[in-house]
Amino acid sequence: MTHRVVLIPGDGIGPEVATATRLVLDATGVDVAWEERPAGAAALESHGALLPETTLEAIRECRTAIKGPITTPVGEGYRSVNVALRQGLDLFAAVRPARSLPGVRTRHHDVDLVVVRENTEDLYRGIEFARGTPEAMALRGELHDLGGFEIPEDAGITLKPISVSGARRIVRFAFEYVRANRRRKVTVGHKANVMRYSDGIFLETARMDAAHYPDVVWEDVHIDTLSARLVRSPQDFDVLLLPNLYGDILSDLCAGLVGGLGLIPGANIGWEYAVFEPVHGSAPDIAGKGIANPIAMILSGSMMLRHLGELRAADAVDRAVDEVLGRGRVRTADLGGRASTLEMGEELANEVASADVA
Ligand code: NAD
C-alpha cells in the first residue's frame, strides 16, 4: 500500500534533518509517496505566506504530514505557523516521548516518559490584547465592572480559556494512549488551587473521566511540585497529561533529562489529521553547517510509521537508533561526536536496510 505523506522541510536545520529522515524512512521499504510543500520563511519568499493555503490543502488531502521546524519571524503581524497548523487542522493532542537512549550520557537512567499535551486551548489560544490599545482599555473596564478587578493601564493581557469539551478529548486521548501502548500510569499536572476555573476544569474533567478507565492508575500533582519531582526522580512517572503551556515547558524539560532537543520526537494528532515533527526549533546557531542531530525528526518518522500501521518498519527505525547510538561510532556534535547530519542519516539508513523489515 502506498502512503501519501506531506513533507515540509521547514527552516534553519529543517531541510538538513528532513533529508536525513527521508533517507532512513525510505530504507524501511515502506512505500511512501512524498509530497513536498513549503511553510515558514521559505514559503514567505515563494508564496507570500508563512503557511500557504496549498500546504494546508495538501495535508487535508493526505491526512498525514511530517515537518521540520519553522522559524517564526519576530515582528508584528506574524502568527506562529505551528499554532496555525494545530488550530487549522484541530490537532488537539501533542505526544512527546522522552526515553533514555543507549550511549547518551545523562544524569538519569531508565527514563521512559510520554508527555501528552493539550494543543489548542490555554494561554496559547492566542487571545491577546496589546498594552494601551482601545481593546485592552475596554477589557480593563469590563473586568472592573464585572468583578472589581484592577488591571494596570500599562498591562498587556493574555487570556487562558480551558473548556470541559477541550479537556475531555485530551483526557480520553491520554487514557486511551495508556491502554493502547501498554503504559501504566497517568499523572495530571495542574495548578487548580490557584487557577480554579481553568486548571480547575482540566483537573475536574480528568477526575470524572478517569472513572471510565478503572484499569489505569492516575494521580494529580501541582505543576511546580511535578517539575521538582521530575528532575529528581523521573523514573517515578510514565504518561504526563498537561494543559498546553505546562506541556510545552515540561516536554523541553523531559528532553533535557534524556540528552537534549536533538533526540525528542513529537506528534500532533486530531480526529482527522496527524502532523509529526521534532520538538526542537530551527536552531539558527547551527543552521547550514550540516551538524544538526537528525534523530529527533527520524524518531518522529518512526511515530508516523506506527500511526500509518507500519509497525515493523517503525520498530526497525527505533532499533537502528538504539544500535547506532549504542555503538557510539557515529554521533553528531550535540552528543560529543564529529559526524555530520547526513553521515548520521546514512548510518541509520544502512542499519535499517540491513534489518529484515518485510
Ligand atoms: P531551538 O530548538 O532551535 O534551539 C535551542 C538549542 O538547541 C540551540 O543551541 C540549538 O543549536 C540546539 N538544537 C536544537 N535542535 C538541535 C538538533 N537537532 N541538533 C543539535 N542541536 C540542536 O530553539 P530556539 O533557538 O529557541 O528557536 C529557534 C527558532 O525555532 C525560533 O524561531 C522558534 O520560534 C522556532 N521554533 C520552532 C519550533 C517548531 O517549528 N516546532 C519549535 C521550537 C522553536
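Predicted model: local features only at pLDDT ≥ 70, side-chain atom pairs only at ≥ 80, totals over all residues.
Is Ala 130 buried, exposed or partly exposed? With a relative accessible area of 47%, Ala 130 is partly exposed.

You will find Ala 130 in the loop that runs between β6, residues 128-129, and α5, residues 134-147. Thr 158 is 28 residues away from Ala 130 in sequence, and the two C-alpha atoms are 8.7 Å apart in space.

Now the ligand. How many residues surround the ligand? There are 21, and the closest are Ile 70, Gly 281, Ala 283, Asp 285 and Asn 293. By type, the shell around the ligand divides into nine nonpolar, eight polar and four charged residues.

From the side chain of Asn 82, a polar atom lies 2.9 Å from an oxygen atom of the ligand. His 280 also places a polar side-chain atom by the ligand, 3.4 Å from a nitrogen atom. With Ala 283 the backbone takes part: one of its polar backbone atoms is 2.7 Å from a ligand oxygen. As for cover, the ligand taken alone exposes 820 Å², and the protein buries 67% of that.

Most residues other than glycine have a negative phi.

Arg 182 is another case. Arg 182 is not a glycine either, and its phi is about 50°, again positive. Its place is in the loop between α6 and β8, the latter being residues 185-190. Is Arg 182 buried or exposed? Arg 182 counts as exposed because its relative accessibility is 79%, and the cut-off for exposed is over 50%.

Next, the interior. In soluble globular proteins, nonpolar side chains tend to be buried together. In this model the largest nonpolar core has 64 residues, and Leu 241, Leu 325 and Leu 348 have the most contacts inside it. Which helix gives the most to this core? Helix α6, residues 164-180, does, with eight residues.

Take Leu 348 as an example. Setting aside neighbours within four places in sequence, Leu 348 is in contact with Val 24, Ile 295, Ile 298, Ala 320, Val 321 and Val 324.

Why does Arg 169 count as buried? Its relative accessibility is 18%, and buried means under 20%. Beyond its neighbours within four places in sequence, Arg 169 is in contact with Asp 90, Phe 92, Thr 120 and Trp 271.

What does the side chain of Asn 268 make a polar contact with? The partner is the side chain of Glu 277, at 2.9 Å. If neighbours within four places in sequence are left aside, the contacts of Asn 268 include Arg 86, Leu 91, Asn 119, Tyr 273 and Val 275, and Glu 277 is among them too.

Leading up to β11 there is a loop from α9, residues 244-257, and Gly 260 lies in that loop. Gly 260 is buried, with a relative accessible area of 18%. Along the chain, Gly 260 and Arg 331 are 71 residues apart, and 14 Å separates their C-alpha atoms.

The last stop is Glu 61, in helix α3, which covers residues 53-62. Glu 61 counts as exposed, at 52% relative accessibility. The side chains of Glu 61 and Arg 4 are joined by a polar contact of 3.1 Å. Val 6 is 55 residues from Glu 61 in sequence, and the distance between the two C-alpha atoms is 9.2 Å.

Note on methods: Residues numbered from 1 in each chain as written. Heavy atoms only, no water. Near = heavy atom within 4 Å. Polar contact = N/O pair within 3.5 Å; in protein donor to acceptor, adjacent residues only side chain to side chain. Areas by Shrake-Rupley, 256 points an atom, 1.4 Å probe, with all protein chains shown as cover. Nonpolar A, V, L, I, M, F, W, Y, C, P; charged D, E, K, R; others polar. Core = buried A, V, L, I, M, F, W, Y, C linked by side-chain atoms within 4.5 Å. Buried < 20%, exposed > 50% of the residue type's maximum accessible area, 1.4 Å probe, protein only. Helix = DSSP H or I, 4+ residues; strand = E, 2+ residues; numbered from the N terminus. Contact = heavy atoms within 4.5 Å.
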